[in-house]
Amino acid sequence: MKAIIEQAKHHFHGGLSLDGHKQLSMQHAISAALIPDTLTVPLLQHIGRPATAIVKIGEQVLKGQCIACIKDDKNTVTAAMHAPSSGKVVAIEHCAIPGMLKQSVDCIMIQTDGEDRWHPEIQPIAEPFNLTRDDLKQAILEAGIVGMGGAGFPTHLKLVQEKPVETLIINAAECEPYITCDAQLIQEQAEKIIKGIQFILHALNINHCFIGIENNKPDAIQALRQAIESIEQPPTKQQCFIKIVQLPTRYPAGGEKQLIQAITGKQIPINKLPRDLGIIGHNIATTFAVANAILEGKPLIERVVTITGDNIAQPQNKWVMLGTNMQQLLDTCGYQKKSNDEVIMGGPMMGAHLDSADYPVIKTTNCVLVKTKPIQTTSLPCIRCGECARVCPANLLPQQLYWFVRSKDFDRVQDYQIFSCIECGCCDYVCPSHIPLVQFYRYAKSEIWNQEADKEKSDHARQRHEFRQLRIERKKKEDAERKAKKKAMLNKKQGIDTSAEDAKKSAIEAALKRVKSRQTEQSAVAKNTDNLTEQQQQKIAEVEQRRKNKTRQNNNE
Amino acid sequence: MLTAIIALSLLAIAFGLLLGFAAVRYKVKSNPVVDQIDALLPQTQCGQCTYPGCRPYAEAIAKEEADINQCPPGGEATILALADLLGKDPKPLNEKNGAHAEKTVVYIDEKVCIGCTLCIQACPVDAILGAAKQMHTVIASECTGCDLCIPPCPVDCIHVIPAVEEKDKVSVKVPFAPLLFTEPNA
């Protein structure tokens, strides 16, 4: 094949020129992987959902054996895990995994036996270019390959697309200081990488691709050129064109959107993905993993990790089995621990600051960096210099965002497109007041996500509450109706009895009435002393007198 | 003169009919502000605002009978949202109603539960499962943490535990002291 090398024709907004510190870890060839005593393989080493463990405690596993797979639908965002070496599963427990989010997930602990025996089913795929695209996707899915640049998006999901893809962009920029794992992998394994690119082109059914690489890696560019020239065209109908695009060394040239803009001149609109524009990006280490999976049948069980930074005697790039403890890794590189050291997974700009080195290496660990913590400077008030807006590669207004986050005005924060922020840390770096701007944006993002989750939950609770009230109402109504119905039924059934009862009732009532009227009559009879004539009154008085006299006589006798 | 009066009266009648028709046809059944307020409330139905649920509280706010700072589960976020919606000044949470706390759910100690169903009747969102003289259990994902089931329990077998999603929640440290209700010390 013919190699084409060209300079990038476009550029992205902002960015920084940083000290590379890349020579530190480029002194030696990549050293082979050691077999640690125990391997901790987390079930989540990528973006998405954890894989499902398919081994039991006490089970013997062989190198490359699948130990966790995708249980659900093949389009779920998840990836399979494999045993990095042979040994015995001793535990499956919840452990912290390295990363920005400080999550903890189930991890499979493997006690290695030191024999490093391969699983017998690990065989190369014959005639890979005769495979259908779906078979190729399946092979990559089974190999558990994820994006190895840092984000860790499962690769098989980025291979066969519903929408037609026009351009493949391979990200070899490696713009963060200190990290050299990709550059050195290119220098040593360029041919395999180019083959991996050919497989991905075949899977995507397109014929051309760009490799974006910063111009501070002349050796890697040279190696790529030689590899392209030495490799034959794949035996497919289409001819492949692989173009190497040299980018000016400017952080963050390796950001997906920035790289696409620098190479194609196209800006990815807000809330859109590169695939919406017919562009797919893959990291260069991922293409190597793809080649490994297809040419040798090996799943993703080890990767190149840069171990570098302060207080490390032999900074270097190493092949590392996934699940190796970072502390052990640092020790093999002659690390002398100092009290105010800080371990970072990734680069100094976007890496995850870890509280200790007691974490396993995962699929997205490109670098283990040790840095002396800077003396904590308290941040000063914002002086509105606008330097942050000048360097922002996402064309945002970091200062405005900062004010809105401070006042917790999350609607405005979203209006100012906080979700376009790639958290590259350029604004932090240039801020003369040392305001931890990215920390503010991360806080705002997590707060917005949490509020959205709360909203969903409260909507659900409202629905349930309303339904409960409706149900209670309905029950009350139904009970009342049932009662009325039953009464009516009873009355109908005992129709004759009821009439007799009614007669009884009316008889009692009539009797009561009679008694009452008699009483009133009697009282009327007693009242016949009213309206008497004078004669009658005299007569009564005489009679009374006589009665009195008679009683007196009786008393005297 | 007369033509003008007739023309204007006809117009008035025509528009009157049109408006009358619109009023009937597009009648809004409930007060839309109440719905908007209700949408911002956390729907725990806990009654800490002194109203018997979130919707009654929303109605009270709409009628200006209640203040916007009486919802402890919602906390500052709800107060800010309500203030924004109603064009009022935000104010700190009313301490009489309670303090904003991390989200919790309840858990029934199944060994102690006697199956009296009192908690089931108290639950505003049907999050408790069980029947008379049978063991009861809480569906944690449906529980809003209102704690209304705790007082009726005759054997005190209901305990408050942190909500599950609270543990897994991605939370980034607040990089600054809450500024809103305190004087900025810059």
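This is a predicted model: local features need pLDDT of at least 70, side-chain atom pairs count only at pLDDT 80 or more; totals for chains, interfaces and linings use all residues.
Residues are numbered from 1 along each chain as its sequence is written, and chains are lettered from A and ligands numbered from 1 in the order in which they are written.

Overview. Chain A has 13 helices and 17 strands (DSSP runs numbered from the N terminus, with H or I over at least four residues for helices and E over at least two for strands). Its C-alpha atoms fill a box of roughly 160 × 60 × 50 Å along the principal axes. The radius of gyration is 44 Å, whereas a compact globule of 557 residues would have one near 24 Å (taken over C-alpha atoms; the globule rule is 2.2 Å times the number of residues to the power 0.38).

**View 1. Helix α1 meets helix α2 in chain A.** Here α1(A), residues 133–142, packs with α2(A), residues 181–204, at an angle of about 130 degrees, with the axes 8 Å apart. Axes are lines fitted to C-alpha atoms, for helices over the stretch in contact, and angles run from 0 to 180 degrees between N-to-C directions. The two helices are therefore oblique to each other (angles under 35 degrees count as roughly parallel, over 145 as roughly antiparallel, 65 to 115 as roughly perpendicular and the rest as oblique). Look for A:Arg133, A:Leu136 and A:Lys137 of α1(A) meeting A:Phe199, A:His202 and A:Ala203 of α2(A) (contact means C-beta atoms, placed from the backbone, within 7 Å).

**View 2. Helix α4 and its surroundings.** Nine of the nine residues of α4(A), residues 256–264, are buried, so this helix is largely enclosed by the rest of the structure. A residue is buried if 20 or more other C-beta atoms lie within 10 Å of its own, exposed if 12 or fewer, and partly exposed in between, with C-beta atoms placed from the backbone. The buried residues pack against strands β9 (167–171), β10 (208–214), β11 (241–247) and β12 (279–283) of chain A. Just after α4(A), you will find A:Gly265 with a positive phi of about 80 degrees.

**View 3. Helix α8 meets helix α11 in chain A.** The axes of α8(A), residues 398–406, and α11(A), residues 437–493, lie 10 Å apart at an angle of about 55 degrees. This pair is therefore oblique. From α8(A), A:Pro398, A:Leu401, A:Tyr402 and A:Val405 meet A:Leu437, A:Phe440, A:Tyr441, A:Tyr443 and A:Ala444 of α11(A).

Conventions. Two residues are in contact if their C-beta atoms, placed from the backbone, lie within 7 Å.
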